[in-house]
Amino acid sequence: MKRILVTGGAGFIGSHLCEKLLSLGNEVICLDNYFTGSKMNIIHLLGNRYFEVIRHDITMPVYIETDEIYNLACPASPVHYQYNGIKTIKTSVMGAINTLGLAKRTKSKILQASTSEIYGDPQIHPQNEEYWGNVNVLGPRACYDEGKRCAETLFMNYHQQNKVKIKIARIFNTYGPRMSLNDGRVVSNFIVQALKGEDITIFGDGTHTRSFQFIDDLVDGLVKLMDTKDDFTGPVNLGNPQEFEINELAEMIIKLTGTKSKIIYKPLPQDDPKQRQPDISLAREKLDWEPAVGPEEGLLKTIEYFRGILLHANPDDAAKR
Ligand code: NAD
Ligand code: UDP
Ligand code: UDP
């Protein structure tokens with residue numbers, strides 16, 4: 001049995017990862033400061049004797065004994081990471097330093113949840129891991145993008161200088177149950193708007209693209225990446241290469257929910273990437289991984305989740321910390 005630390009474990013991705021790691025017979029320590037995560041995401045795990053929760057801010061050092069670390073702590077959607085940009089950078093950079101220091105001391109393997117955002121508004125398409133990216137260092141997304149880029153650099157330096165065993169996952173847009181209701185991401189926004197019969201807000205003309213992966217596929221990829229040979233560090237893209245225009249996503253959600261909502265168009269935010277699609281050849285080769293869940297199946301599960309949240313509870317309860 002391994003003892004595994006998941007920072008950001010009460011968040012959307014972290015809570016699914018904790019669940020998966022427990023199901024594989026590990027002891028799991030979830031560390032979170034509940035900035036964007038919620039106790040509701042992990043409440044069903046609290047009865048498991050192999051599950052432990054620490055309320056802690058990862059910008060501060062943490063001293064525990066571990067075998068593996070998944071570093072996920074960081075707000076992930078523009079609304080949340082722009083709320084306090086300085087804190088977002090501190091979380092990425094100081095969070096990386098502290099978890100790497102912990103990994104160095106305990107000789108743990110450590111995986112960094114990096115992001116497709118390190119490619120910025122990409123000038124090559126699809127994006128592979130060789131691409132250096134096109135990020136506006138002073139733009140509104142920089143606190144997130146540059147924080148994550150610096151974290152990757154730190155991971156590589158700790159690996160080269162201190163022989164820390166690292167893995168870097170570049171995660172592309174991910175959706176599924178337990179996405180936060182109010183994070184302003186396109187999938188959650190469109191589904192909630194559709195279920196409430198409100199207008200569906202497309203930013204720009206909706207011809208720009210994203211590639212969406214379902215949460216179960218991502219969690220599977222993260223665990224496989226952690227289990228690769230020690231000499232494989234990544235970075236490796238984890239995403240679903242099926243690419244959609246935002247207009248197509250809106251139409252799909254309208255069809256699957258059966259809503260009478262209308263589409264309205266709003267201005268595109270500054271520095272919003274025009275296209276994004278992962279090249280997952282490396283993940284296929286090194287992890288023997290590729291996404292298995294199609295858009296309709298994944299969206300239906302997500303719609304069911306939000307229907308439950310909106311029907312059975314006061315939406316504010318779901319966000320209670
Ligand atoms: P999330 O906001 O649901 O989860 C992040 C978690 O980190 C939350 O529980 C939050 O409370 C916690 N956290 C934030 N700051 C913290 C701090 N200083 N100390 C301790 N905990 C802190 O977001 P998510 O979608 O689950 O994302 C998880 C990770 O995956 C993030 O690092 C994100 O950058 C990365 N990622 C996500 C996506 C995506 O599409 N969801 C894409 C690329 C990368
Ligand atoms: N650290 C931590 N837990 C540990 C070991 C280290 O939080 O178990 C933190 C420590 O506070 C330090 C950071 O990780 O600031 C980086 O550790 P490292 O050993 O690389 O740096 P140093 O302590 O030499 O500055
Ligand atoms: N978007 C949109 N309407 C919304 C929310 C988002 O059209 O209500 C657009 C957004 O401008 C971006 C895309 O959908 O082009 C994906 O946005 P999200 O915040 O989910 O992910 P990211 O931009 O970080 O990839």
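An oxygen atom of ligand 3 sits 2.8 Å from a polar backbone atom of Phe 203. On its own, ligand 3 exposes 520 Å², and the protein buries 95% of that. The model is predicted.

**Ligand 3 site**

- The shell around ligand 3 holds 18 residues. The closest are Thr 201, Phe 203, Arg 210, Asp 272 and Arg 276.
- Helix H5 (186-196) supplies at least two residues of this shell, and so does strand E8 (200-203).

**Arg 210**

- The cut-off for buried is under 20%.
- The side chain of Arg 210 comes within 2.9 Å of the backbone oxygen of Pro 273.
- Residues up to four places away in sequence aside, Arg 210 touches Asn 173, Gln 242, Glu 243, Phe 244, Ile 246, Asp 272, Pro 273 and Arg 276.
- Arg 210 and Asp 279 are 69 residues apart along the chain, and their C-alpha atoms are separated by 13 Å.

**Ser 77**

- Ser 77 is in the loop between strand E4 (68-71) and helix H2 (78-83).
- With a relative accessible area of 1%, Ser 77 is buried.
- A polar atom of the Ser 77 side chain lies 2.8 Å from the backbone oxygen of Asp 183.
- Beyond its neighbours within four places in sequence, Ser 77 contacts Asp 183 and Arg 185.

**Helix H9**

- Helix H9 runs over residues 295-312, which is 18 residues. At 1.5 Å a residue, H9 should span 26 Å. Its end C-alpha atoms are 25 Å apart, so the two values agree.
- Which residues of H9 are buried? They are Gly 298, Leu 299, Thr 302, Ile 303, Phe 306 and Ile 309. These residues cover an arc of only 130 degrees around the axis, so they lie on the same side of H9.
- Leu 311 and His 312 are exposed on the other side of H9.

**Cis peptide bonds**

- Most peptide bonds are trans.
- His 125 and Pro 126 are joined by a cis peptide bond, with omega about -10 degrees. Pro 126 is in the loop between strand E5 (109-115) and helix H4 (142-162).
- Gly 234 and Pro 235 are also joined by a cis peptide bond, with omega about 10 degrees. Pro 235 is in the loop between helix H6 (215-226) and strand E11 (236-238).

**Positive phi angles**

- Most residues other than glycine have a negative phi.
- Arg 178 is not a glycine, yet its phi is positive, about 80 degrees. Arg 178 lies in the loop between strand E7 (174-175) and H5. Its relative accessibility is 15%, so Arg 178 counts as buried.
- Asp 271 is not a glycine either, and its phi is positive at about 65 degrees. Asp 271 is in the loop between strand E13 (263-266) and helix H8 (281-287). At 30% relative accessibility, Asp 271 counts as partly exposed.

Definitions and conventions: Residues numbered from 1 in each chain as written. Chains lettered and ligands numbered in written order. Predicted model: local features only at pLDDT ≥ 70, side-chain atom pairs only at ≥ 80, totals over all residues. Heavy atoms only, no water. Helix = DSSP H or I, 4+ residues; strand = E, 2+ residues; numbered from the N terminus. Expected span 1.5 Å × (residues − 1). Buried < 20%, exposed > 50% of the residue type's maximum accessible area, 1.4 Å probe, protein only. Arc of directions from axis to C-beta. Polar contact = N/O pair within 3.5 Å; in protein donor to acceptor, adjacent residues only side chain to side chain. Contact = heavy atoms within 4.5 Å. Near = heavy atom within 4 Å. Areas by Shrake-Rupley, 256 points an atom, 1.4 Å probe, with all protein chains shown as cover.
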